[in-house]
Amino acid sequence: MSDDAFERQIDLVNVALHRIYFEARQPEGLPEALRQVSFQDMHVLSVAAEHPDAILRDIRDYMQLPQSTLTSIVNKLEKLGLVRRVINRRDLRSYSLELTAEGHALREQHRRWDRAQVRRMLENLAIGERQQFADLLWKAIAPIKL
């Protein structure tokens with residue numbers, strides 16, 4: 001393959017990834033409840049749900065966020081009634097996040113929305129191409145620190 005062809009492939013993939021990124025930031029038809037939270041807000045909500053014993057420092061380290069950013073996100077999520085800070089059972093000097101019923105509901109709505117968007121993407125592929133696409137995507141992002 002020529003260098004020019006490879007450069008064109010780089011450009012095509014770059015445009016596609018940016019389209020996904022920008023569409024994810026302001027997606028058409030996004031339910032109003034999900035418009036209240038950013039990608040980072042939702043990620044904190046998900047990490048807290050998946051790791052209920054994690055202390056705030058664990059979440060900060062996992063997401064590689066400055067303390068001030070995590071504090072702002074947690075304050076926002078608390079103000080929206082999606083989480084509450086609770087004393088961690090393992091480390092009584094630290095706080096964990098507990099999702100409220102509204103937080104769990106919003107997380108589920110977000111999960112359904114995400115899956116619907118991916119379903120729309122995959123429906124554009126032939127049935128036999130779908131697994132190949134998923135495998136190639138994971139292979140392609142393997143060396144990228146996300």
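Q: Hi! Which residue does K76 meet in a salt bridge?
A: In this predicted model, the K76 side chain pairs with that of D41, with an N to O distance of 2.6 Å.

Q: Nice. Switching over to D58, which residue is its salt-bridge partner?
A: That would be R90, and the closest N and O atoms are 3.6 Å apart. The two come from distant parts of the chain, 32 residues apart: D58 is in helix α4 (residues 56–63), while R90 lies in the loop between β1 (83–87) and β2 (95–99).

Q: What about accessibility there, for R90 say?
A: R90 is exposed, with a relative accessible area of 58%. D58 counts as partly exposed at 31%.

Q: OK, now helix α6: how far apart are E108 and R111 in it?
A: They are separated by about one helical turn, because they are three residues apart in that helix, which covers residues 101–122.

Q: Which residues are linked with them in a network?
A: R112 joins E108 and R111 in a network of salt bridges. E108 is partly exposed at 31%, and R111 is partly exposed too, at 40%.

Q: Last one: how many salt bridges are in the whole structure?
A: The search finds 10.

Terms used
Residues numbered from 1 in each chain as written. Predicted model: local features only at pLDDT ≥ 70, side-chain atom pairs only at ≥ 80, totals over all residues. Heavy atoms only, no water. Salt bridge = Lys/Arg side-chain N within 4 Å of Asp/Glu carboxyl O. Helix = DSSP H or I, 4+ residues; strand = E, 2+ residues; numbered from the N terminus. Buried < 20%, exposed > 50% of the residue type's maximum accessible area, 1.4 Å probe, protein only.
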